[in-house]
Amino acid sequence: VIANVTGWGAVNSEMVELRNVGNAVNLQGWTLSNGRGDIFIFPEIRLQNGQLVRVYSRQGTNTPAALYWGRENAAWAEGDTITLTDANGQVQMAFRVGETGPLFQEATPAPGN
């Protein structure tokens, strides 16, 4: 899930925080997009249940807990819809910048289903 979005509008401070609330997952090939044609493509990174990763818009060196898009300008603005899509192109979550809850979140099956 998109757990938090902070610092939008300023490339050096904006960050999207993702938290895994399901089974272990490899995010390679997943994307974050803003609806204006800007797309961040995740490198190979595995998240266990409860683990989080932060995606920063600015330049930086990727670590297991922080990924960097390498942008020169801000990716997010208040009112933008951030869409998290899996490697198969299925939308997993949509989140509007400046709001506290998701617009859409793919249902997570109960254990054993």
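Trainee: Why is arginine 46 called exposed?

Mentor: The model is a predicted one. Arginine 46 has a relative accessibility of 53%, and exposed means over 50%, so arginine 46 counts as exposed.

Trainee: What makes glutamate 44 partly exposed?

Mentor: Its relative accessible area is 48%.

Trainee: Why is the contact of glutamate 17 with arginine 54 called a salt bridge?

Mentor: Here the closest N and O atoms are 2.9 Å apart, which is within 4 Å and therefore meets the definition. The pair links distant parts of the chain, with glutamate 17 in strand E2 and arginine 54 in strand E7, 37 residues apart.

Trainee: Why is glutamate 17 called buried?

Mentor: Buried means under 20%; glutamate 17 has a relative accessible area of 9%, so the term applies. Strand E2 is mostly covered, with 4 of its 5 residues buried.

Trainee: What makes E2 and E7 a pair of strands?

Mentor: At least two bridges are required. E2 and E7 have 5, in the antiparallel sense, so they pair. Within this pairing, arginine 19 stands opposite leucine 52 in E7.

Note on methods: Residues numbered from 1 in each chain as written. Predicted model: local features only at pLDDT ≥ 70, side-chain atom pairs only at ≥ 80, totals over all residues. Heavy atoms only, no water. Buried < 20%, exposed > 50% of the residue type's maximum accessible area, 1.4 Å probe, protein only. Helix = DSSP H or I, 4+ residues; strand = E, 2+ residues; numbered from the N terminus. Salt bridge = Lys/Arg side-chain N within 4 Å of Asp/Glu carboxyl O.
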